[in-house]
Amino acid sequence: MSLENLLIELSEASGVSGHEDAVSRIVAREMEPFADEISYSRLGSVIALKRATRTRRHKSRASQSPKLLFEAHIDEIGLMVTALDRGVIRFVAVGSFDPRVLLAQDVLVHGRETLPGIIGARPPHVLTAEERGKPVPLNDLFIDVGLSDARLRALVSVGDTITIDRRVSRLCNGRFAGKAFDDRCAVVAVIEALKQLSQVEHGWDIYAVANVQEEHGTFYPGAFTSTFQVRPDVAIALDVTHAEQPGMSAVNAVALGKGPGLALGPNIHHTVHTKLMQVARSREIPHQITAYAGSTGTDAWAMQVVSTGIPTGLLDLPLRYMHTSVETIALADIEYSARLLAAFSAELDESFYRDLQVETKMVARGATVSRRRMTGGKHQ
Amino acid sequence: MLLEKLSNARGVSGDEARVRELIIDAISDRVDEYRVDSLGNLITLKRAATRGARRNAPTVLLAAHMDEVGLLIVHVEADGRLRFSKVGGIDDRVLPSKVFHIGENKIAGVIGMKPRHGLKAAEMDKVIEADDLSLDIGAHSREDALSVVQIGDYATFATEFARIGNGLVRGKALDDRAGCALLVDLLSEEYPFDLYGLFTVQEEVGLRGARVAAFTLDVDAAFVLEATVCDDSPKEKDVSPTTRLGYGPAITLADPTLMADPRLVKLLIATASENKIPYQVKQPMIGGTDAGRLHLAREGVPGVAVSVPTRYLHSPAALLSLRDYRNTLRLMRATLPRLARGLTPVI
Amino acid sequence: MAKRTTVPEKKSVDADSSEFKGLVARLTAAFGPPGFEAPIRAQIRDEVQSFADELRVDVLGNLIAVKRGRANSARKKILLAAHMDELGVMITHIDQKGFCRFAPLGEIEPLALLGQRCVFKNGTVGVIGRERKKAKSKEIEPERLYLDVGASGPSEARVSVGDAATFFGEVVETGNRLSSRAVDNRLGCAVLIQTLRELHATADDVYFVFTVQGHTGKRGATTASFGIQPDFALAVEVTEAADTPEAEIGSIALGKGVAIKIKDETTLVSSRVRELLIESARRARVPYQLEVQLHGGTEAEAMQISRGGNLVGGVSIPARYLHTPLPIVDVNDAQNTIQLLRALLAEPLEAQLE
């Protein structure tokens, strides 16, 4: 499937955080031809394993190739039913929605059946000037699916999810607009990188992961737990970042169409960043630099502190109008990210593995030294 | 003096290598083993002295963090000014009119501001937010600036360590290089149990290093050595000074990240009283430390924090008393051997 | 005939009910703010001792009572968690005149603090007062409150910096509704204890965990779930009802049954677990409500992200005024929760999840 078609299919699929099945099915279907194994974490993240094709020189360790995990999240921000109120649906947001984008949107209510609906509010004509001057508060919005109260209650229940009903639009210059490009455009890059890896030799085991539940809360439970399960030697997150747009200063934004941002800061392992830079330069893949003083606000923040710590990197895909239903990206950025990720993965070798190894030094102070305690606790 | 070298070394969260190298130099002949993990934590192990070691002795962890607050360069303007983000908690109000050292080459940069001449009274009432400030390194243009600094470079306060007043020292990053120096000193002693000396990274951005190191290790008690808030300036209202300079080590009972293990608190207080070492109780529920992550590792670890009172934390020049430093060292030296029998279980 | 069969049944329900209310009264009476759970832990230990196959306390102070399953193989581990700590305050400073400044332990509406009477473990009582100078401001800032313990200097205070106090308010019944201190989460503890007592045999191993420091970061649940490594973990809690005048958005009402969690601020429950719990409620023939909360979280959040991730859920008893010292609950909701848990534990977990 072409990148464009996959992007469209993924964007238009519904998968609010915690309810990603429809998206994970597409991802598993697309990864399956290029993976040796597909599995699921206990929370529902898709984990595709592609084993190393180059065996390692040291026979004794041949069975244990180092592991690279790269990932993007498959969930999207959305809405959830809180109450059925005299024929209309009251709802809350799952993930951070600016309530101002909700008014007059077409939605899909994922109840017993999928029902089209409209986010309604009282008409401006009947409001006071003061009320008209303010955004409609979330509590005053409701969803109208055009059914009687009784029929509504039969089909929809508290806790059902709701997504914005939005088709992808093709804009000029290879740019696309749609919902859930955060982070499905990166999911396309992850799948494409896995595909490209089937054309080349690679010395590390590759885990391509599609994580659930990134948008809800602050714990990144999907990535935190699937990364614990895999415990890779290196982890790379792919997520979107703000592209330059009116009202967004260049201090906090990257250019659209000029390649992924290679992130820096406390969240990022310097050796991993340096390798990404080196691969991007040698393969002449456009890229930019982004820097974060603390949390990157992505799965990378969680993955870095999994178990005994994971060297982590982050590719930032440029995107305009984040968390609206007209998120805008350049297809070229997906291509560049996928190429960079695949080339990076294929170039990982013994010497990079050694560069990453934690420095251990035994000091001769007489006593017989056992390595057990230093290499991990008794419960690992 | 090791504290002086450590204070002057640059090591903002995520960039602790120089501090770590200094510490490795200082401890390499005092420990049995050390390693640096994937986040950059320095984990050292000092095995039980052969004499006096007990079977089933506990394993004890002492921790101090190597990182300090600072700035991260995130963007370069066309005119060569550097835009930055704060790494860790820095009060915006301390930034204007300060000098920083940026990157590997310690490029000097200053944070200027509009002269007060011609400012309206209302403008002078406002705190200038960090987002509206920039570092001036004297560059002519973006290209000029990028020839000496890069996006992703870290900047630290350009403060030189000095002794001032009556037995006080002034320096940047005393939070928590004071703890690091204490831990180095404690590693020269022998103990009747295996002792891990842990120098963590990224405390200031969310106790990140401690989290993974605590998972790696598997210990029976954890002590965090810190430099903590001291608000003992004269005040009208009778409120807590949090800690007071010159009144000895401050013991944490509870803070927003930790309820200290009562057995460890009791042991510290008993030891201080018996040895006539001055101590104070830190005002509860102020500030968090690495103990907040260490005590939640795996199935849980009894934890406590012991701190040197320090004025003006997270600013270019913090102030602490060497007498407090020495008393903290004395308290820890006297307390640790008493852990040889382990702690009584909770019932 | 019909009459004769219903009468004794009703009587036994009443008997159950008064036994359960007695349990609630004992549990809510025990002292135990976050970090100071020893008294409530001792009380719960007494209540469960003769019903558990194993009983232990872990490093942080969680009390773990295990009921072993009968199946020899394929036993799953089910973790039922209820935190046993309660809301409280901690002394942070005692001034020269003996007034105690304090910090809240847990989330308490500052407005609800003014005028409260607090009690320390040693019996010292204090009343919360407010600085008068800025008393005109509508907001109550906890920093401007203090505890008056009747002392005229620090040496008379009989309490020290770092001591914790809780609130007054013994159980008062109004119909089937209760108003009491420490309902959050002693009611959850009571449900767990009663479930354990009524559980004669189970297919799976069931871990009844009474956790510490639930109000201050779900800390006990973090370490307990790491140690136990459950196949399924369920937080048993109280949840804010939305049936009061001009309440926040939501549909949870007192007396309308167990709240089965779907979402709160920190946790999303999988539809598999949601169905499992709904099915248990149906089998138990108890009313249930589906819960979508904007704010707050439960111990499910800590248990979900332990190790490689856990299947988690939450059942909660609706309560009003949760962030005040005196919430109101409906005992029927708690008893329905017990019935739901009994139905859940009656069948092997594996069969139910298929």
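Tutor: A nonpolar core is a set of buried Ala, Val, Leu, Ile, Met, Phe, Trp, Tyr and Cys residues joined through C-beta atoms within 7 Å. A residue is buried if 20 or more other C-beta atoms lie within 10 Å of its own, exposed if 12 or fewer, and partly exposed in between, the C-beta atoms being placed from the backbone. The largest nonpolar core here has 322 residues, of which Val190(A), Leu61(B), Leu80(C) and Ala81(C) touch the most other members. Helix α5 (residues 181–197) of chain A gives the most to this core, with 11 residues. Helices (H or I, at least four residues) and strands (E, at least two) are DSSP runs, numbered from the N terminus.

This is a predicted model, in which local features need pLDDT of at least 70 and side-chain atom pairs count only at pLDDT 80 or more, while totals for chains, interfaces and linings use all residues. Residues are numbered from 1 along each chain as its sequence is written, and chains are lettered from A and ligands numbered from 1 in the order in which they are written.

Student: What is Ala81(C) in contact with, leaving aside its neighbours within four places in sequence?

Tutor: Two residues are in contact if their C-beta atoms, placed from the backbone, lie within 7 Å. By that rule the partners of Ala81(C) include Val209(C), Thr211(C), Ala221(C), Glu299(C) and Met303(C).

Student: Why is His314(B) called buried?

Tutor: His314(B) has 21 other C-beta atoms within 10 Å, and is therefore buried. This residue is in the loop between β18 (303–311) and β19 (318–321) of chain B.

Student: Why does Arg231(A) count as partly exposed?

Tutor: Arg231(A) has 16 C-beta neighbours inside 10 Å, so it counts as partly exposed. Its place is in the loop between α6 (221–230) and β13 (234–242) of chain A.

Student: What makes Ala104(A) exposed?

Tutor: Ala104(A) has 11 other C-beta atoms within 10 Å, and therefore is exposed. Ala104(A) is found in the loop between β5 (88–94) and β6 (106–110) of chain A. Ala104(A) and Ile143(A) are 39 residues apart in sequence and 9.5 Å apart in space, C-alpha to C-alpha.

Student: Why are α5(B) and α9(B) called oblique to each other?

Tutor: Axes are lines fitted to C-alpha atoms, for helices over the stretch in contact, and angles run from 0 to 180 degrees between N-to-C directions. Angles under 35 degrees count as roughly parallel, over 145 as roughly antiparallel, 65 to 115 as roughly perpendicular and the rest as oblique. The axes of helix α5 (residues 174–186) and helix α9 (residues 322–335) of chain B come within 10 Å and cross at roughly 45°. The two helices are therefore oblique.

Student: What makes α7(A) roughly perpendicular to α9(A)?

Tutor: The axes of helix α7 (residues 270–282) and helix α9 (residues 331–347) of chain A cross at roughly 110° and come within 9 Å. That angle makes α7(A) roughly perpendicular to α9(A). Lys275(A), Leu276(A), Val279(A) and Ala280(A) of α7(A) make the contact with Leu340(A), Ala343(A), Phe344(A) and Glu347(A) of α9(A).

Student: Why are α2(C) and α3(C) called roughly parallel?

Tutor: The axes of helix α2 (residues 38–48) and helix α3 (residues 183–198) of chain C come within 10 Å and cross at roughly 20°. The helices are therefore roughly parallel to each other. Ile44(C), Glu47(C) and Val48(C) of α2(C) meet Cys189(C), Ile193(C) and Leu196(C) of α3(C).

Student: How many residues of chain B are in contact with chain C?

Tutor: 18 residues of chain B are in contact with 22 residues of chain C.
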